[in-house]
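These exercises are to be worked through with the structure in view. Each one sets a task, and a solution follows step by step.

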Amino acid sequence: MLEIHFMELPKLLIKWRNREVDPREDQLVRWLLLLEASEDEEITQVLEEIAMQQDQVLKKAMDEWERVSQDPEVLLAYEARRKALLGKVCFKKS
């Protein structure tokens, strides 16, 4: 048996902006918003507040993310992996 869930981040962002979902009350919303945090300072600020006040696992993840994003070797490896994946996607479409 397999269960698949599709998470539509653009719709989640709209709901978050309209105050229809609250990351303080919903752990899944927190983690999904974290995927968008690097692109949105407001989301980052909200998640940092939550991490400091109530969610130590989120805090640990955000701290690690910050640490890794400052490491030049990790950034180079990330970019190489990203380029390789994009190359495969483009190659498959051709």
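Contact means heavy atoms within 4.5 Å of each other. This is a predicted model, in which local features need pLDDT of at least 70 and side-chain atom pairs count only at pLDDT 80 or more, while totals for chains, interfaces and linings use all residues. Residues are numbered from 1 along each chain as its sequence is written, and side-chain values use heavy atoms, with hydrogens and water left out.

**Exercise 1. Find what Leu12 touches, not counting residues up to four places away in sequence.**

Step 1. With those residues set aside, Leu12 touches Val21, Val29, Leu32 and Leu33.

Step 2. Take Val21 from that list. Val21 lies in the loop between α1 and α2; helices are DSSP runs (H or I, at least four residues), as strands are (E, at least two), numbered from the N terminus.

Step 3. By the same exclusion of neighbours within four places, Val21 is in contact with Leu12, Lys15, Trp16 and Val29.

Step 4. Val21 has a relative accessible area of 22% and is therefore partly exposed. The scale is: buried under 20% relative accessible area, exposed over 50%, partly exposed in between (1.4 Å probe, protein chains only).

**Exercise 2. Decide which residues of α1 are buried and which are exposed on the other side.**

Step 1. Leu9, Leu12, Leu13 and Trp16 are buried in α1.

Step 2. These residues lie on the same side of α1, because they cover an arc of only 100 degrees around the axis. The arc is that of the directions from the helix axis to the C-beta atoms.

Step 3. Pro10 and Ile14 are exposed on the other side of α1.

Step 4. The cover over the buried residues of α1 includes α2 and α3.

Step 5. Look just past the end of α1: Arg19 takes a positive phi of about 60 degrees there, although Arg19 is not a glycine. Arg19 belongs to the loop between α1 and α2 and is exposed, with a relative accessible area of 61%.

**Exercise 3. Describe how the axes of α2 and α4 cross.**

Step 1. Two packed helices are described by the angle between their axes and the distance between the axes.

Step 2. The axes of α2 (residues 27-34) and α4 (residues 56-69) come within 12 Å and cross at roughly 5 degrees. Axes are lines fitted to C-alpha atoms, for helices over the stretch in contact, and angles run from 0 to 180 degrees between N-to-C directions.

Step 3. α2 is therefore roughly parallel to α4; this term covers angles under 35 degrees, with over 145 roughly antiparallel, 65 to 115 roughly perpendicular and the rest oblique.

Step 4. On the α2 side, the contact is made by Arg30, Trp31 and Leu34, and on the α4 side by Val57, Leu58, Ala61, Met62 and Trp65.

Step 5. Sorted by type, these residues are seven nonpolar, no polar and one charged. Ala, Val, Leu, Ile, Met, Phe, Trp, Tyr, Cys and Pro count as nonpolar, Asp, Glu, Lys and Arg as charged, and the others, Gly among them, as polar.
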